[in-house]
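Subject: Handover of a structure and the findings from it

Dear colleague,

Please find below the structure that I am handing over to you.

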Amino acid sequence: MGHNQADVDAFGSMIAAYHMADLVDKEAFLVIDEDKLDRTVGLLFNQVKQELKEMYEQTITSEKALEMIDQQSLLIVVDAQSPKVVMSEALLNKTEQLIVIDHHRVSEAGFNANFTYIEPYASSTIELMMELLNFYQTEKEVEFETLEANIMYAGLLVDTNNFTYRTSSRTFEVASRLA
């Protein structure tokens, strides 16, 4: 799950998290309330519905997630610096196991997470997600569909203002992997 009015960085990061779970054979869902997507992501999500049917079938609303979640469930929140900005506070509050991955400075209202990876010097959450994928030692390799890679690349572009703000060699390495 990403933040309310999810942008391409949040959406792309959710896609990367989905693939991380797939690498270790865990069932994963993208929690998306369509009315809480920004306009650009709304358009991209319509493309996902048409072109990435398997992933779209693993997309649920926060309402459905609230029905499904149990003590064994893990919620990964991406690109959200505060519990107040997540797509569903109700889902966050019901979650017992939580991971937060973000590139913003930590706010005063922090998460009560089991694990956090917050790196304010990163250009985007996509950058962090792609770095985390490097640590997966599985026989499978993640292969992004073209649309997925384009969404993640767009997240880098937006959060770096076309590679002019908060970039590093890490940013360009990620960009080259997604191009």
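Where is Gln71 found? Gln71 lies in the loop between helix H4 (62–68) and strand E3 (74–78). Please bear in mind throughout that this is a predicted model.

Gln71 has a relative accessible area of 53%, and Gln71 is therefore classed as exposed, since the cut-off for that class is over 50%. Leaving out residues up to four places away in sequence, Gln71 touches Glu96 and Gln97. Gln71 and Glu96 are 25 residues apart in sequence, while their C-alpha atoms are 6.3 Å apart in space.

Asp25 is not a glycine, yet it has a positive phi of about 60 degrees. Asp25 sits in the loop between H1 and strand E1 (30–31), and it is exposed, with a relative accessible area of 61%. Arg166, which is not a glycine either, has a positive phi of about 55 degrees. Its place is in the loop between H7 and helix H8 (169–178). Arg166 has a relative accessible area of 29%; because this value falls between the limits of 20% and 50%, Arg166 counts as partly exposed.

I turn now to the packing of two helices. Helix H1 (residues 8–23) packs against helix H7 (residues 146–159) at an angle of about 140 degrees, and their axes are 8 Å apart. With this angle, H1 is oblique to H7, because only angles over 145 degrees count as roughly antiparallel. The crossing of H1 and H7 is left-handed. On the side of H1, the contact is made by Val8, Asp9, Phe11, Gly12, Ile15, Ala16 and His19. On the side of H7, the residues are Glu148, Ile151, Met152, Ala154, Gly155, Val158 and Asp159. Taken by type, the residues of this contact comprise 8 nonpolar, 3 polar and 3 charged.

Ala10 is found in helix H1, and Ala10 is buried, with a relative accessible area of 0%. Apart from its neighbours within four places in sequence, Ala10 is in contact with Gly2, His3, Val78 and Asp79. The C-alpha atoms of Ala10 and Ile151 are separated by 9.9 Å, although the two residues are 141 residues apart along the chain. Asn150 belongs to helix H7 and is partly exposed, with a relative accessible area of 45%. Between Asn150 and Ile69 there are 81 residues of separation in sequence and 30 Å in space, C-alpha to C-alpha.

In soluble globular proteins, nonpolar side chains tend to be buried together. In this model, the largest nonpolar core has 56 residues, of which Met1, Phe11 and Val77 touch the most other members. H1 gives the most to this core, with 11 residues. Not counting residues up to four places away in sequence, Val77 touches Met1, Val86, Leu92, Leu98, Ile99, Val100, Ile101 and Phe111.

With kind regards

Terms used. Residues are numbered from 1 along each chain as its sequence is written. This is a predicted model: local features need pLDDT of at least 70, side-chain atom pairs count only at pLDDT 80 or more; totals for chains, interfaces and linings use all residues. Side-chain values use heavy atoms; hydrogens and water are left out. Axes are lines fitted to C-alpha atoms, for helices over the stretch in contact, and angles run from 0 to 180 degrees between N-to-C directions. Helices (H or I, at least four residues) and strands (E, at least two) are DSSP runs, numbered from the N terminus. Angles under 35 degrees count as roughly parallel, over 145 as roughly antiparallel, 65 to 115 as roughly perpendicular and the rest as oblique. A crossing is left-handed if the near helix is turned anticlockwise from the far one by less than a right angle, and right-handed if clockwise. Contact means heavy atoms within 4.5 Å. Ala, Val, Leu, Ile, Met, Phe, Trp, Tyr, Cys and Pro count as nonpolar, Asp, Glu, Lys and Arg as charged, and the others, Gly among them, as polar. A nonpolar core is a set of buried Ala, Val, Leu, Ile, Met, Phe, Trp, Tyr and Cys residues joined through side-chain atoms within 4.5 Å. Buried means under 20% relative accessible area, exposed over 50%, partly exposed in between (1.4 Å probe, protein chains only).
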